[in-house]
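Below is a short briefing on one structure.

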Amino acid sequence: MNKKNKILIILSIIVLIIISLIFLKFKKVENKEKFETAKIEKLNLTEYVTASGTINPVSIITIGTQVSGTIKEIYVDYNSQVKKGQLLALIDPDLLIAKRNQELASVNSAKANLEKLKATLANNERTMKRQKELFEKDFIAKSEFDNAETEYLQSKAEISSAVADIEKSRASLRNAETNLQYTRIISPVDGIVISRNVDIGQTVAASFQTPTLFEVAKDLTEMQIEADISEADIAKIKENQDVEFIVDAYPDDLFVGKVTQVRLSPTTLQNVVTYTVIISINNKDLKLKPGMTANLSIIINNKKDVLAVPNKALRFTLYKGENAPKFKQQGIWIIDKENKPKRINIETGITSSDNYIEIISTELKEGDTVILGTLEDKNQKENKNMPPPRGMF
């Protein structure tokens, strides 16, 4: 082999090497462009259940009336601070005062009747004793003695009846006095008036049910949220879980609370089953008002500094169709050191509510490239979501 041929062979080898390097580089770029990827990150993940609920005072006392009548005076209004035993309103007591006086007169009449009967009893007793002495000396017939004895026994019976009448009258008097006291509407607790349902001159009727006159919130510094949680999420909710929420009135403020009760009684509405969860909140600044709607995030789990990938990484598979291999263990696809797709078996942990999931694997580390999907699928999805050009329907 002459020198010229050696040079040609060497040049050919160099060209082949250059072509191979270009091919590999092109293949690497093509491989990178083929997949939609992301880096495995270490993140703080929070899993929570979202819901909405209504803010209410912990205790609302409904104050009504047990007697009917016309409202004569009202001493409080909305937002009035009240103390236990404070007079809130007065029902016109005139009719009940008259009723009380009538029952008092009945008691006095019954007492007078008793005194009269006692006098009659004493007289009949003396008569019976005289008739007995005369009968024993055969001065009168036995029938006269029997009549005197009968009148005495009747007087004793009338005494017992009169005593019973007095007790009956006294009971009626106590009832009338109690009803008279009910004309004074009293607050049973310290609190604030959040509802007033009557005005002066209004007639209230308590014949069949107790009408509501006022509602008093016992303490507005301690409030609670009553949230409806779906049956799909209720198993995740436990007492003492932390809760974050916002209200429309303060969109830039984040409030916090804690789950205090998971009620077992279900509510079914249009075939949707929900359970009521009570969240206690501190309202010392009184910013939150009864009836506000709270948008809740109940924190189920919280982990810091864990390996995480977008959820869609778990849905990607390199193989499609009926003949695609079946994997027994859950896994994700990564780009390995040779720039090739490689499947790694993993276990999953917490799933955050921002579409990230914790992955557990000794083969993976922060910074590894995970495959989320193909660029073709991504472009098709983006094109599908694009609005049509003008003039098209």
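Which residue in S8 stands opposite Gln81? In this predicted model, the residue facing Gln81 is Ile192. The points below place this in the sheet and then turn to the rings and the surface.

**Sheet**
- The open sheet is made of 4 strands in the order S3-S10-S8-S5, with antiparallel pairing.
- S3 (60–64) and S5 (81–82) are the edge strands, each with a single partner, so one side of each has no neighbour in the sheet.
- S5 and S8 (residues 191–196) run antiparallel and are joined by 2 bridges.

**Aromatic pairs**
- The whole structure holds 5 aromatic pairs.
- Tyr250 and Phe255 make an edge-to-face pair, because their planes are at 65°, with ring centres 6.2 Å apart.
- Tyr250 is partly exposed at 24% relative accessibility, whereas Phe255 is buried at 12%.
- Tyr319 and Trp333 are also edge-to-face, with 5.7 Å between centres and 70° between planes.
- Tyr319 is in the loop between strands S15 (293–310) and S16 (331–335) and Trp333 is in S16, so this pair ties together parts 14 residues apart in sequence.
- Tyr319 is partly exposed at 39% relative accessibility, and Trp333 is buried at 5%.
- Phe245, Tyr250 and Phe255 are linked into a cluster by ring pairs.

**Charges over rings**
- Lys287 places its charged end over the ring of Tyr250, 4.6 Å from the ring centre.
- Arg343 has its charged end over the ring of Phe327, 3.9 Å from the centre.

**Surface patch**
- Ile10, Ile14 and Ile18 form a nonpolar surface patch with about 270 Å² of accessible area together.
- Ile14 belongs to helix H1 (residues 3–34) and is partly exposed at 41% relative accessibility.

Terms used:
Residues numbered from 1 in each chain as written. Predicted model: local features only at pLDDT ≥ 70, side-chain atom pairs only at ≥ 80, totals over all residues. Heavy atoms only, no water. Patch = residues over 30% accessible without salt bridge, like charges linked within 9 Å, V, L, I, M, F, W, Y side chains within 5 Å. Areas by Shrake-Rupley, 256 points an atom, 1.4 Å probe, with all protein chains shown as cover. Salt bridge = Lys/Arg side-chain N within 4 Å of Asp/Glu carboxyl O. Buried < 20%, exposed > 50% of the residue type's maximum accessible area, 1.4 Å probe, protein only. Pairing = 2+ DSSP bridges. Phe/Tyr/Trp six-rings, centres within 6.5 Å; stacked < 30°, edge-to-face > 60°. Lys NZ or Arg CZ within 6 Å of the ring centre and 35° of its normal.
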